[in-house]
Amino acid sequence: MNWGGWAEFFYMKGYALYIWGSYGVTAMLIVAEIFSLRARRQRAIQLALRTVKYGKVEKDEGNDEVTA
Amino acid sequence: MSGFNWYKYASPATFYDLAGRMIPWFYAAAALLCAAGLYIGFFLAPTDFQQSEAYRIIFIHVPASWMSMFIYVVMAVWAAIGLAFNTRLSFMMASALAPTGAMLTFVALWTGALWGRPTWGAWWVWDARLTSELILFFLYIGFMALQAAIDDPRRADRAGALIALVGVVNVPIIYFSVRWWNTLHQGASVSVTKAPSMASIMLLGMLVMAFAVWMYAIAAALSRARSIILERERNSQWVAQLLEGKA
Amino acid sequence: MKSRHKKLILIGVVVLALGAVAALVLNAFRSNLVFFFSPTQVVNGESPHERAFRIGGLVEAGSLRREADGVTAHFRITDTAQTISVTYKGLLPDLFKEGKGVVAEGRMSSGGVFMAEQVLAKHDENYMPPEAASALEQAQKAQKTLVAPPEGKK
C-alpha cells in the first residue's frame with residue numbers, strides 16, 4: 001500500500017464507513033465479551049464463597065466422571 | 001478404568017487449575033497475532049484490483065466466519081462426548097463455547113453486510129450462504145436460551161446437546177453452499193482442493209488474523225468454562241479447599 | 001433461583017430461535033436454494049412466469065447502454081450459451097462492469113425484456129493487486145493470440 005498520510009488511510013478511498021464499521025463493532029464486541037467474562041468470574045467466585053461459608057458443603061462429587 | 005491419566009484432566013478440579021494457567025498465554029498470543037495480522041492487512045497488503053480498499057473487510061470477515069463454524073463443530077463434539085460418556089466437563093465446555101461462537105457468527109454477518117453493501121449493492125440477500133449462516137446464529141441463540149431456561153444442569157446439558165448435535169448438519173451446508181447452489185456470495189478463495197486465489201500477502205494477513213481469532217476463542221471459552229465449573233461445583237470439597245487456600 | 005418471568009422470556013427466545021431456524025429451512029427448500037436462474041434456464045422456461053425472480057450471469061461485453069436521463073440502463077446478461085436483455089432504472093453497484101458477474105431481480109416483460117428492480121454485482125473470489133491483475137490480463141491476451149487465430153473483431 002502506498003502511504004499517503006493518516007487522513008488518506010482513514011478515508012480508505014471512500015470505504016471508511018464500511019471498513020471501520022466492521023472493525024469497530026468487532027472490537028467493541030470483543031471488549032464487551034472480555035468484560036462480561038470478568039463479571040461472570042467475579043459472580044461465580046462470590047457465589048462459591050457464599051456457598052462455602054453458609055451453604056451445605058456436600059461430600060466430594062468431583063470424581064464421578066463416568067457414571068453411565 | 002479410573003487409572004487412566006486422561007481422567008485426571010477430565011476432572012473439573014484439574015482442568016480448572018490447568019485452564020487458569022493457560023488463559024493468559026492464549027490472550028497474549030491472540031493480541032500479538034491480531035497486531036501482526038492487522039499490520040499486514042492494512043499496511044503491507046496492496047489494494048485489490050476490483051474491490052479497491054473495500055476488500056480489507058476480509059481480514060476480519062473470513063476469520064470470524066471460519067471460527068463461527070469451527071466453534072459449533074467443537075461444541076457438538078463436546079456435546080457428543082458428554083452424551084456418550086456422561087462427563088460433566090464436556091458439557092461445560094460446550095456451554096462455554098456457545099456465547100463466543102454466537103458473537104463471532106454475529107461478527108461474520110455484520111461485517112458481511114458492511115462488505116456486501118459497497119461491493120454487491122445490497123446489505124443482505126437471501127442466498128444459501130447468508131441464510132445458512134443466519135441459521136447458525138439462531139442455533140447458537142437457541143442453545144444458550146434453552147440451557148438458561150432449564151434449572152436442572154443435567155437436563156439443561158442434555159437438551160442443549162440435542163440442539164448442538166442436530167444443528168451441526170448446518171455447518172457443511174454453510175461451507176459448501178457456494179458450490180451446491182447458485183449464490184450471490186462468491187466461492188472460497190482458500191480451500192484444500194485448489195491453490196488459493198489470493199495474492200500471498202493478502203492470504204498471509206487473513207491466516208494470521210484467523211489464528212488470532214482462534215487463540216482468542218480458546219482463551220474466552222476456557223475462561224468461561226472456569227466460571228461454569230465454579231458455579232456448578234461450588235458444593236464440592238475441592239472448591240471449598242481452593243477458596244479456603246486463597247482466603 | 002430464576003424468576004418465573006425470566007424463565008418465560010427464555011422459553012420464548014428458544015421458541016423464536018428454533019422457529020426461525022425451521023421457517024428458514026422450510027422456506028429454503030421451497031424457493032431460496034435457487035438464488036438465480038441462468039439465461040439458458042430462462043430461455044428454456046424453467047424460471048417462474050408470474051412472479052419476480054433473479055437472473056445471474058455475466059454482463060455481456062459492449063452491451064451496456066445508458067439513456068440520456070442518467071438512471072435508465074440497458075444491458076445483456078449472458079451465460080455464453082444464451083443471452084437476456086435487461087432494462088434497469090436506478091443506481092448500478094460499484095462493481096458492476098461489462099464482462100463481470102451480475103444478478104438482476106425483476107420480471108420478464110411481454111416483449112421478452114427483463115425489467116429489473118434490483119441489480120447486484122457478483123464478484124469472484126480472486127484478490128490481487130491491480131498490477132498483478134493487469135499482468136495476468138496481458139498474459140491471457142498473449143496466450144489467446146498464440147492459441148487461436150485472431151478474429152476480425154477488435
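**Figure 1. Cavities in the whole structure.** A search of the whole structure finds 2 cavities of 30 Å³ or more. A cavity is a set of points on a 1 Å grid over the protein atoms alone where a 1.4 Å probe fits but cannot get out. Grid points are joined across faces, edges and corners, and a volume is the space filled by probe spheres set on the points. This is a predicted model, in which local features need pLDDT of at least 70, side-chain atom pairs count only at pLDDT 80 or more, and totals for chains, interfaces and linings use all residues. Residues are numbered from 1 along each chain as its sequence is written, chains are lettered from A and ligands numbered from 1 in the order in which they are written, and side-chain values use heavy atoms, with hydrogens and water left out.

**Figure 2. The largest cavity.** The largest cavity holds about 510 Å³ of space. Its lining counts 32 residues (an atom within 4 Å of a point). His61(B), Val62(B), Ser65(B), Arg129(B) and His185(B) lie nearest the centre. Four helices of chain B each give two or more residues to this lining: H3 (58–85), H4 (88–119), H5 (128–149) and H7 (170–180). Helices are DSSP runs of H or I with at least four residues, strands are runs of E with at least two, and both are numbered from the N terminus. H4(B) gives the most, with 7 residues. By class, the lining has 19 nonpolar, 10 polar and 3 charged residues. Here Ala, Val, Leu, Ile, Met, Phe, Trp, Tyr, Cys and Pro count as nonpolar, Asp, Glu, Lys and Arg as charged, and the others, Gly among them, as polar.

**Figure 3. The second largest cavity.** This cavity has a volume of about 50 Å³. The lining divides into 2 nonpolar, 3 polar and 3 charged residues.

**Figure 4. Chain B by itself.** Chain B has 9 helices and 0 strands. Along the sequence the pattern reads α-α-α-α-α-α-α-α-α. The C-alpha atoms of chain B fill a box of roughly 65 × 35 × 30 Å, taken along the principal axes.

**Figure 5. Chain B against chain A.** Here 57 residues of chain B are in contact (heavy atoms within 4.5 Å) with 41 residues of chain A. The two chains bury about 4300 Å² between them, and carbon and sulfur atoms give 63% of that area. Buried area is the accessible area (1.4 Å probe) that two parts lose on being put together, summed over both. Phe42(B), Arg234(B) and Asn235(B) supply 14% of the area that chain B buries against chain A, more than any other three residues.

**Figure 6. Pairs and elements at the interface of chain B and chain A.** The interface holds 3 salt bridges. The rule asks for a side-chain nitrogen of Lys or Arg within 4 Å of a carboxyl oxygen of Asp or Glu. One salt bridge joins Glu231(B) and Arg40(A) (3.0 Å, N to O). On the side of chain B that touches chain A, at least two residues each come from H1 (5–10), H2 (12–44), H3, H4, H8 (200–232) and H9 (237–246). H4(B) has the largest share, 12 residues. The residues of this side divide into 33 nonpolar, 13 polar and 11 charged.

**Figure 7. Chain B against chain C.** In this pairing, 45 residues of chain B are in contact with 36 residues of chain C. About 3700 Å² is buried between them, 65% of it on carbon and sulfur atoms. Phe49(B), Gln50(B) and Asn182(B) lose the most area on the chain B side, together 18% of what that side buries.

**Figure 8. The salt bridge from chain B to chain C.** Side chains of opposite charge can pair when their charged atoms come close. Chain B and chain C share 1 salt bridge. Asp151(B) pairs with Lys7(C), the closest N and O atoms being 3.2 Å apart. The polar contacts between chain B and chain C number 14 residue pairs. H4 and H5 of chain B each supply at least two residues of the side that touches chain C. H5(B) gives the most, with 11 residues. By class, this side has 27 nonpolar, 14 polar and 4 charged residues.

Methods. 1 Å grid on protein atoms, 1.4 Å probe; cavity = no way out; pocket = protein on both sides within 12 Å on 5 of 7 lines; lining within 4 Å. Polar contact = N/O pair within 3.5 Å; in protein donor to acceptor, adjacent residues only side chain to side chain.
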